[in-house]
Amino acid sequence: MAPSSRFSLAPRGSFLLTVALLVLLLSHGTHGHGAGLSTSFYDGSCPGTRDIVRRVIQDARVTDARIPASLIRLHFHDCFVNGCDGSLLLDDDAQAAIMTEKNVPANDNSARGFGVVDGIKRALENACPGVVSCADILALAAEISVELAGGPSWTVPLGRRDGTTTNIESANNLPSPFDPLETLQEKFRNLGLDDTDLVALQGAHTFGRAQCQFTQRNCTAGLREGSLVNLDGVTPDVFDNKYYGNLLRGRAQLPSDQVMLSDPVAARTTAPIVRRFSGNQKDFFRNFAASMVKMGNISPLTGRDGEIRKNCRRVNKKPY
């Protein structure tokens with residue numbers, strides 16, 4: 001099922017070279033996706049960008065073990081709405097006629113980590129004022145979060161600019177933990193993501209927490225609604241392939257995860273990929289990195305489109 005643009009299995013020593021070649025290919029984009037992005041975008045204008053982002057996340061992890069999983073989720077929910085333009089970060093702003101995406105069901109009292117993004121933005125503005133976009137902060141934070149949790153690292157194509165609008169209708173159609181497989185496949189396919197991307201990206205549920213009302217057990221064992229449960233009971237803060245073993249044993253926490261094995265259409269679509277990733281962590285890591293680059297290339301604003309926000313929560317004030 002894997003398309004030709006995916007990683008082939010490779011020896012350990014060639015993994016980083018394979019990632020670099022794939023990033024170079026995907027950063028040019030397909031079907032208008034990713035055009036104008038470059039892995040060297042800030043080399044001249046803000047060469048310490050990745051180190052600054054990494055330092056802020058490392059500091060945040062000391063008191064909040066959940067933050068890596070929370071940050072990657074922000075990137076997902078940003079890219080699936082309006083493309084990767086930082087629209088999720090915008091707060092309500094009546095003067096700018098902006099209604100925040102943070103209050104839709106998929107994000108309300110669930111999406112978190114905005115304070116860490118604010119901290120990253122402040123640090124970058126101190127180092128390189130008006131250079132690094134909030135959309136690129138989310139893309140870098142996702143990659144760094146995975147790497148810090150023991151997962152793969154990849155070179156992130158950069159150069160996104162920030163949107164000046166939100167899209168509540170699209171945000172209300174984000175993938176749900178209760179979606180059947182065919183609905184998930186359609187939502188991913190509408191963004192140019194195939195079944196391998198779906199199975200790989202859902203693998204981000206290998207770390208982090210979920211509120212119990214969204215799980216298959218639905219707050220049994222005396223848990224109050226809103227109580228947090230580990231998505232992986234064995235290594236909840238480590239990025240590994242144990243998530244897929246949980247699926248094979250029927251122990252996925254989220255219904256939308258288990259359907260990749262149990263749904264009637266899974267046998268000929270997603271189930272073989274689940275089994276493959278369960279048996280080969282390197283294969284999962286390679287495909288996850290590829291799918292993250294592919295997702296990060298969804299409809300970015302580049303060139304003169306959008307803006308570089310000074311505050312990720314607000315569009316820049318226009319002169320009158």
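Four disulfides were found in a search of the whole structure, a disulfide being a pair of cysteine sulfur atoms within 2.5 Å. The structure is a predicted model: local features need pLDDT of at least 70, side-chain atom pairs count only at pLDDT 80 or more, and totals for chains, interfaces and linings use all residues. Residues are numbered from 1 along each chain as its sequence is written, and side-chain values use heavy atoms, with hydrogens and water left out. With bonded cysteines counted along the chain, the disulfides follow the pattern 1-4, 2-3, 5-8, 6-7.

One of these disulfides joins Cys46 to Cys128, with an S to S distance of 2.1 Å. The link is right-handed, with 80° about the S-S bond. It connects distant parts of the chain, 82 residues apart. Cys46 is in the loop between helix H1 (15–27) and helix H2 (49–63). Cys128 is in the loop between helix H4 (114–127) and helix H5 (134–148). Helices (H or I, at least four residues) and strands (E, at least two) are DSSP runs, numbered from the N terminus. Cys46 has a relative accessible area of 1% and is therefore buried. Cys128, at 10%, is buried too. Here buried means under 20% relative accessible area, exposed means over 50%, and partly exposed lies in between (1.4 Å probe, protein chains only).

Cys134 and Cys312 form another disulfide, their sulfur atoms 2.1 Å apart. This link is left-handed, with -95° about the S-S bond. Cys134 lies in helix H5 and Cys312 in the segment after H12, so the pair ties together parts that are 178 residues apart in sequence. Both cysteines are buried. A disulfide is also formed by Cys79 and Cys84, with sulfur atoms 2.0 Å apart. The link of Cys79 and Cys84 is right-handed, with 120° about the S-S bond. Cys79 and Cys84 are buried.

Helix packing was examined next. Two packed helices are described by the angle between their axes and the distance between the axes. The axes of helix H8 (residues 195–202) and helix H12 (residues 281–296) come within 9 Å and cross at roughly 105°. Axes are lines fitted to C-alpha atoms, for helices over the stretch in contact, and angles run from 0 to 180 degrees between N-to-C directions. H8 and H12 are therefore roughly perpendicular to each other, a term that covers angles of 65 to 115 degrees. Thr196, Asp197, Ala200 and Leu201 are the H8 residues in this contact. On the H12 side, they meet Phe284, Asn287, Phe288, Ser291, Met292, Lys294 and Met295. Contact means heavy atoms within 4.5 Å. The residues of the contact of H8 with H12 divide into six nonpolar, three polar and two charged. Ala, Val, Leu, Ile, Met, Phe, Trp, Tyr, Cys and Pro count as nonpolar, Asp, Glu, Lys and Arg as charged, and the others, Gly among them, as polar.

Helix H10 (residues 255–262) is mostly covered, with seven of its eight residues buried. The buried residues are Pro255, Ser256, Asp257, Gln258, Val259, Met260 and Leu261. They pack against helix H7 (181–189), H8, helix H9 (242–248) and helix H11 (271–279).

Asp257 also touches His205. UniProt, in an unreviewed entry, places the feature "binding site" at His205. UniProt positions are given in the numbering used here, feature names are shortened, and annotations may be inferred rather than shown by experiment. His205 is found in the loop between H8 and strand S1 (209–211). At 21% relative accessibility, His205 counts as partly exposed. Leaving aside residues up to four places away in sequence, His205 touches Leu231, Tyr243, Leu254 and Asp257.

Notes:
Parallel < 35°, antiparallel > 145°, perpendicular 65-115°, else oblique.
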